Amino acid sequence: MKFVAEKIVQKNYIVVLVCLLCVSCSQKNEEQNITWSKHIAPIVFKNCTPCHRPNEAAPFNLLTYADAVKKAQLIKFVTQTRYMPPFPADVNYTHFANELVLTDEEIAQLKTWVENGTPRGDSLQEPKTPTFYSGSYFGKPDLIIKPQKPVQIKGNGTDVFLIWKFPYEIERDTIVDFVEFVPHQRKLIHHVNGHLISYDEKRSFNYFSGENISADTKSQLMEVYKQMHIPYTDQLQPNFPTLTPNTIYYLPGYIPPVYPKEIGGYKLKKHGAFLLNNIHYGPSNADLLDSSYINVFFRKTPIQRSIRESQLGTFGLSNIEPEFIIPPNEVKTFHTHYTLTSPISVLSVNPHMHLIGKTFWAFALKPNGDTVPLIKINKWDFRWQYYYTYKHPVKLESGATIHVYGTFDNRNENPNNPFHPPRTITQGNGIESMKTTEEMFQFIFTYMPYKEGDERIDLER
Ligand code: HEC
């Protein structure tokens, strides 16, 4: 009996050993056989090509095997360091829909592939390069609104702030799903914020004529709007067309959030215009023309639940503490907080700072003391300012307090500091505070009033 048992044990041991050998040798084989066709192309096409293609944000294409081979060493480097794909939010703190994050395994495969000399594998097995619509991150829009004329930017090294009107006319009233601002001079455009103005067909108007672009963002806005022929031309009241605020938005790296059909959407009248009440170009050293344009995507279903937006901090609902002054040679943290008076479902969040931003952290405290994590950015990067959309709406109950902490690094050692030696940086005055070299500390969030079951809505695109 004893003998049999020993034999079984021994046999098992051998089986296990053989198995282990098999696994490790097949792993070794797998590792050596990482090919473009089988492993790498799917990673690149999914995670890199949406930006690394013509007319998108990235400086070179990653569409083919040859493209990837040419940049192999750099690809290995930027994925090892997690610099690419760009996604500054810490996904160990909160997860988001459509996260641009490679798995550890994908990163290891990219490394092995480069170190093994970028083998192609069986080119017959290669997945086809996905086809993208050129001129949009999303695909073919239902309406493209081109500018009436391009903006002329002088190469005099100063920031430019403009108001820019994009009039349109469509066949009949419809509903917009979302709008995409497509920057032409991508490197210069620092931010865009705009409204939709809609005309009542029964009134008289001439919004296609008048000034198209105004450099005057400081004087009486009503005067500027008159020069742009925005008000109605009859004598009836109200004189000003209907305004749907904040329908256009752009920041470096921004990709508009897209929600499921039961969420969001707004009316687009037959006659109207997008009014960029503020487009900001950073300083340029060369004379340039900018022909940015607007893509509109329609929605075939009626509006069920509209989205609202609020912001804390600069220009927002809550004050910044202490006063927002960042002295030279200091790393300083600021705080802002706000208590909700009704329950909401948060859809997406957009942390905003400028060049010397260092870290950003937002969470909510429930009345019972529990914490709801919202977002953490451990290394702020001015170039990537997403609207981070949650996988499912995040419920914040009435009485919950949102806390936001932002740290700014105004030391000489900070390579992103626009001033060497450093100077006192504040938020400046009004619109001018939007200069890149001044700072902002903002937490923007989009939400809906809470409804039972919101936590289960899937927001993945
Ligand atoms: C959201 C858009 C986006 C995605 C997705 C993206 N990139 Fe990029 N990439 C950029 C932009 C913009 C730049 C140029 C600005 C910069 O270097 O920060 C860039 C630069 C690079 C560079 C050059 C870096 C340097 O220092 O010269 C490499 C290499 C690169 N990307 C590789 C990749 C790879 C590999 C992926 C996928 C795993 C990827 N990128 C995904 C937008 C993107």
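**Note on the ligand site and the chain**

1. A nitrogen atom of the ligand lies 2.7 Å from a side-chain N or O atom of H52. The model is a predicted one, and the distances in this note are to be read accordingly.

2. Two further side chains place polar atoms by ligand oxygen atoms. For Y83, the separation between a polar side-chain atom and a ligand oxygen is 2.4 Å. For R383, the corresponding separation from an oxygen atom of the ligand is 3.2 Å.

3. The ligand is surrounded by 19 residues. H52 and Y83 are among the closest of these, together with C48, C51 and M84. Sorted by class, the shell consists of 16 nonpolar residues, two polar residues and one charged residue.

4. As to where the shell comes from, helix α4, spanning residues 72-80, supplies the largest share, namely three residues. At the level of domains, domain 1 (33-125) and domain 3 (308-456) each contribute at least three residues to the shell.

5. Turning to the chain as a whole, its secondary structure amounts to six helices and 21 strands. Along the principal axes, the C-alpha atoms occupy a box of roughly 105 × 55 × 55 Å.

6. Of the 461 residues in the chain, 48% are buried.

7. Contacts in the chain may be considered by sequence separation. Where the partners are at least 6 apart in sequence, 81% of the contacts join residues at least 24 apart.

Terms used:
Residues are numbered from 1 along each chain as its sequence is written. This is a predicted model: local features need pLDDT of at least 70, side-chain atom pairs count only at pLDDT 80 or more; totals for chains, interfaces and linings use all residues. Side-chain values use heavy atoms; hydrogens and water are left out. A residue is near a molecule or strand if one of its heavy atoms lies within 4 Å of it. A polar contact is a pair of N or O atoms within 3.5 Å; within protein, one must be able to donate a hydrogen and the other to accept it, and residues adjacent in sequence count only if both atoms are side-chain atoms. Helices (H or I, at least four residues) and strands (E, at least two) are DSSP runs, numbered from the N terminus. Ala, Val, Leu, Ile, Met, Phe, Trp, Tyr, Cys and Pro count as nonpolar, Asp, Glu, Lys and Arg as charged, and the others, Gly among them, as polar. Domain bounds come from an automatic or database domain assignment. Buried means under 20% relative accessible area, exposed over 50%, partly exposed in between (1.4 Å probe, protein chains only). Contact means heavy atoms within 4.5 Å.
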